[in-house]
Amino acid sequence: MKYVYGPVPSRRLGQSLGIDTIPLKTCNWNCVYCQLGRTEPLVIQRDDYFPPEEILAEIREVLDFHKPGEIDWVTFVGSGEPTLHASIGLLIRKVKELSDLPVAVITNGSLLYLPEVRLELLAADAVLPSLDAGRAVLYRKINRPHPEVTYERLLEGLIAFRSEFAGKLWVEVMLVKGLNDTEDALQDIAAALSLIEPDEVHINLPTRPPVEIWVQPPDEEGLLRARAILGDIARVVHPAEGSFDLSEYDNLVDAVIGIITRHPMRQEEVERTLEKWAPGQVEKVLADLATSGRAQVVERYGVYFWSAAPSHFPDEAQSMRTAPGRQPRI
Ligand code: SF4
């Protein structure tokens, strides 16, 4: 499978069938917490990066394969920003024709200022955009966007989309210790959220390997502060511990690569998943993975994660050059 992966467990979306419509790290942001490595270069062009008919053929095959109850949501997400695919609207509408499953789009929201992108996402049941800052300076520090996707455009797009979209708007706030978990930063985010009026606010923590080595999740105090300031519609979303589904694959190395390209996995998650789908072959598949040249092991917070080989995770010296206090003034 080239475009479809999982289902993978998701706290908010149950067993979520992932649809990835763009090449690895095709994104107009370069977030300090990105679990897929650095964005090099930033991409702003919307395009049919992969042919929509090919993507749809795969989606159709996977939906036919799974029994009712095995998938809770079909989710456009993956290895970059999904709204950069020029046919995202067509793909959402076709999935809705193929199945009764609800469709979600996990997006950074930066292109919602474009009327055509808002129109394309209207067919989804839930849209989950990001808002990590309530001011342009902090936005540029955390999300390191392409110059065309300004903070003003992000906010303008989110407000406009809310007024047009009847589905669930769940705004995601990724909290990074020392950057947006302070009283001032959280008050700014709360003020922006009051203009957007989302249905829910999901507070996320950088628990998968953040690209920059200095990124840390907030401590308990920072989390309590966030919940208090962001209000009753905000809740902390911890990573789900469900089962990764490899049933669709003949080749287990391909199956694991398919997931870690979009969703790096801890060593024990890979082992647990392989024990379920290939008991007795765990050691062999791990050894094949290590020698495949298609995977790498990344260490963050003292934890080892399997990630796709092309993802660029800088070493400590490179990463520390981008740490707050070392960055040039914006
Ligand atoms: S976290 Fe998402 S929006 Fe940010 S750089 Fe990674 S893929 Fe792009």
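User: What lies nearest the centre of the largest cavity in this predicted model?

Analyst: Arg12, Gln35, Val77, Ile106 and Glu172 lie nearest the centre. They belong to a lining of 45 residues. A residue counts as lining if it has an atom within 4 Å of a cavity point.

User: Which elements give two or more residues to that lining?

Analyst: β1, β2 and β6 (168-174) do. β1 gives the most, with four residues.

User: Why is this space called a cavity?

Analyst: Because a 1.4 Å probe fits there but cannot get out. The volume is about 1,000 Å³. The structure holds one cavity of 30 Å³ or more.

User: What makes β3 and β4 a pair?

Analyst: Pairing needs at least two bridges. β3 (residues 73-76) and β4 (residues 103-106) have three, in the parallel sense. Therefore they pair. Thr75 stands opposite Ala104 in β4.

User: What is the strand order of the open sheet?

Analyst: Eight strands run in the order β1-β2-β3-β4-β5-β6-β7-β8, with mixed pairing. β1 (4-10) and β8 (234-237) are at the edges, each with a single partner strand, so one side of each lacks a neighbour in the sheet. Neighbouring strands are turned by 25° against each other on average, direction ignored.

User: Why are the buried residues of α9 placed on the same side of the helix?

Analyst: In α9 (residues 267-277), Glu269, Val270, Thr273 and Leu274 are buried, each under 20% relative accessible area. They cover an arc of only 125° around the axis, so they sit on the same side of α9. They pack against α8 (252-260), β9 (265-266), α10 (282-291) and β11 (303-308).

Definitions and conventions:
Residues numbered from 1 in each chain as written. Predicted model: local features only at pLDDT ≥ 70, side-chain atom pairs only at ≥ 80, totals over all residues. Heavy atoms only, no water. Axes fitted to C-alpha atoms, helices over the stretch in contact; angles between N-to-C directions. Buried < 20%, exposed > 50% of the residue type's maximum accessible area, 1.4 Å probe, protein only. Arc of directions from axis to C-beta. Contact = heavy atoms within 4.5 Å. 1 Å grid on protein atoms, 1.4 Å probe; cavity = no way out; pocket = protein on both sides within 12 Å on 5 of 7 lines; lining within 4 Å. Points joined across faces, edges and corners; volume = space filled by probe spheres on them.
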